[in-house]
Amino acid sequence: MSAATSDPPVDAKPQSSGKPQDTPTATQTPLNGVSQGKSENATPPAAPKLSNAELKAKAKAEKQARRAQAKSVKDAAPAGAPALASAGQPGHPTTDLKGNKAKSKSDGAPSTSSGTAVKATGSRGPVPIIQPKPDSSIPECFSHLSLAKRLPITQADKDVHPTVLTLGQQMATFAIDESITRLKATLLAFKKVIDSYTTPPGNTLARHLTPHVLNPQIEYLSACRPMCFSMGNAIRWLKLQVSKIDPDVPDVEAKKELCASIDAFIEERINYADIAITQRAAVYIDNGDVVVVYGQNTLVERALLYALHNLGKKFDVIVIDDPYERQGQVLAKKLTAEGVKVSYSGDFGALRFQIERADRVFLGAEGMFSNGALYGRCGTSDVAIAAKDFGKPVYALCETINITERVSTDSLTYNEIDPERCSGSSFRLLYDTTLSQYLTAVVTEISSAQPTSVSYLLRKLEDSN
């Protein structure tokens, strides 16, 4: 049978294109030279014609062979292994999976090498390169929880404002920690961003400011530390205000209007809210009471001082502190300087004894879920549960801007990991969730309500906006 009538096997096709054969060179000359030279002047020996069914069967057989070869390469490499590298050509196995065309290029590339060397390279199976898996200090089941990290300024987007860069570093290092303080600092930083903004030609402020200017600031702050509920609510409000701007309004007037709206928001939703909550909470304190507080919270501190100075009430305070943060020491020193008798407990060792002595408990909230659960500093839930066991009333102080429509019944759905106390063997959560059944009332600037009525306050607030 002539050489023209026999089709080489599928795996042998790359050898005919570029790889030297084992047959002598003299025998290859008529095939490669004479037959090609005659192709222009003479008709090559006629190959037996294949029917359509035979052609389809042949193509199907070749396709199955390629699939089998690709599957054998894939099974040889471990799951999740990176692209394999052949001699002098990275990413070679990726081309192998496509078929034999790319393989013929790589096999025939070293033309100066001997035929034996080329055969050795082609016959050698793919050698998988297994990269070591990076060790994670957080178990996989807690991988959804966020971790504050101090990002280098060089990694920030070029559009991030210098004021926002500074704010992000302060949040990452917990120099600005309380949710309402972070919210106020964020709004003031965005106000400076808007002041320095200039609308590019061919754009409008309402369409360009949010995606090209505000979003890079938000992404950077979120990368430094997860946003609290109040920040998320305020950012949605700010984007809504930007979208309401008339495109025909000049940029100068539009920016003034936005800055004035931010000032009004801070005054109404933060400053006025703090005053109203302080006055409402102070009413719950009676003369001779023993009030238990946990850690340090600005609203709780102001309520105690308002009851002392403005209402003239005499009471004692028990400060139960977080054994890791020790922020309650600052509150204890301030109250002592104001003439309040303070008992300080640095951990939960005497928690039940202190709660039994108390008349009521004041707790600060970092946020409130719509089902009435309190999102507070880690340890808040322990204090509330102990107070419930002894029948002591528990009051949660929270601004309405900290209320979210989300629902939570545990401390693992929404939380943060303490970056300073995170190792391969253990880690600490910054917050916990206190269920509504352990709270007596939630004190907001609108009213004092049952914890389960928080969703009503949220709807009422949305209607007013």
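## The largest cavity

Let's start inside the protein, with the residues that line its largest cavity. By class, that lining has six polar, five charged and two nonpolar residues. Keep in mind that you're looking at a predicted model, so everything here describes that prediction.

The lining is made of 13 residues. Nearest the centre of the cavity you'll find Tyr294, Gly295, Gln296, Gln327 and Arg377. As for size, the largest cavity has a volume of about 150 Å³.

How many cavities of 30 Å³ or more does the structure hold? There are two. The second largest cavity comes in at about 80 Å³.

Its lining takes in Glu178, Ser179, Ile180, Asp274, Asn297, Thr298, Leu299, Ala365, Glu366, Leu397, Glu399 and Asn402. Which elements give two or more residues to this lining? They are α8 and α12. Sort the lining of this second cavity by class and you get four nonpolar, four polar and four charged residues.

Now for the helices. Two packed helices can be described by the angle between their axes and by how far apart those axes are.

Take helix α7 (residues 162–172) and helix α8 (residues 179–195): they pack at an angle of about 165°, and their axes are 9 Å apart. Angles over 145 degrees count as roughly antiparallel, so α7 is roughly antiparallel to α8. The crossing of α7 past α8 is left-handed. On the α7 side, the contact uses Thr163, Val164, Leu167 and Met171, which meet Arg182, Ala185, Thr186, Ala189, Lys192 and Val193 of α8. The residues of this contact divide into six nonpolar, two polar and two charged.

## Helices α8 and α11

Helix α8 also packs with α11, at an angle of about 170° and with the axes 9 Å apart. That angle makes α8 roughly antiparallel to α11.

Who does the touching? From α8 come Ile180, Leu183, Lys184, Leu187, Leu188, Lys191, Ile194 and Asp195. From α11 come Lys255, Leu258, Cys259, Ile262, Asp263, Phe265, Ile266, Ile270 and Asn271. By class, this contact has 11 nonpolar, five charged and one polar residue.

## Helices α11 and α12

Last up is helix α11 (residues 251–283) with helix α12 (residues 298–309). Their axes sit 8 Å apart, at an angle of about 55°. The two helices are therefore oblique to each other. Is the crossing left-handed or right-handed? α11 passes α12 in a right-handed crossing.

In this contact, Asp274, Ile277, Thr278, Gln279, Ala281 and Ala282 of α11 meet Leu299, Arg302, Ala303, Tyr306 and Ala307 of α12. Grouped by class, these residues come to seven nonpolar, two polar and two charged.

Conventions. Residues numbered from 1 in each chain as written. Predicted model: local features only at pLDDT ≥ 70, side-chain atom pairs only at ≥ 80, totals over all residues. Heavy atoms only, no water. Axes fitted to C-alpha atoms, helices over the stretch in contact; angles between N-to-C directions. Helix = DSSP H or I, 4+ residues; strand = E, 2+ residues; numbered from the N terminus. Parallel < 35°, antiparallel > 145°, perpendicular 65-115°, else oblique. Left-handed = near helix turned anticlockwise from the far one by under 90°. Contact = heavy atoms within 4.5 Å. Nonpolar A, V, L, I, M, F, W, Y, C, P; charged D, E, K, R; others polar. 1 Å grid on protein atoms, 1.4 Å probe; cavity = no way out; pocket = protein on both sides within 12 Å on 5 of 7 lines; lining within 4 Å. Points joined across faces, edges and corners; volume = space filled by probe spheres on them.
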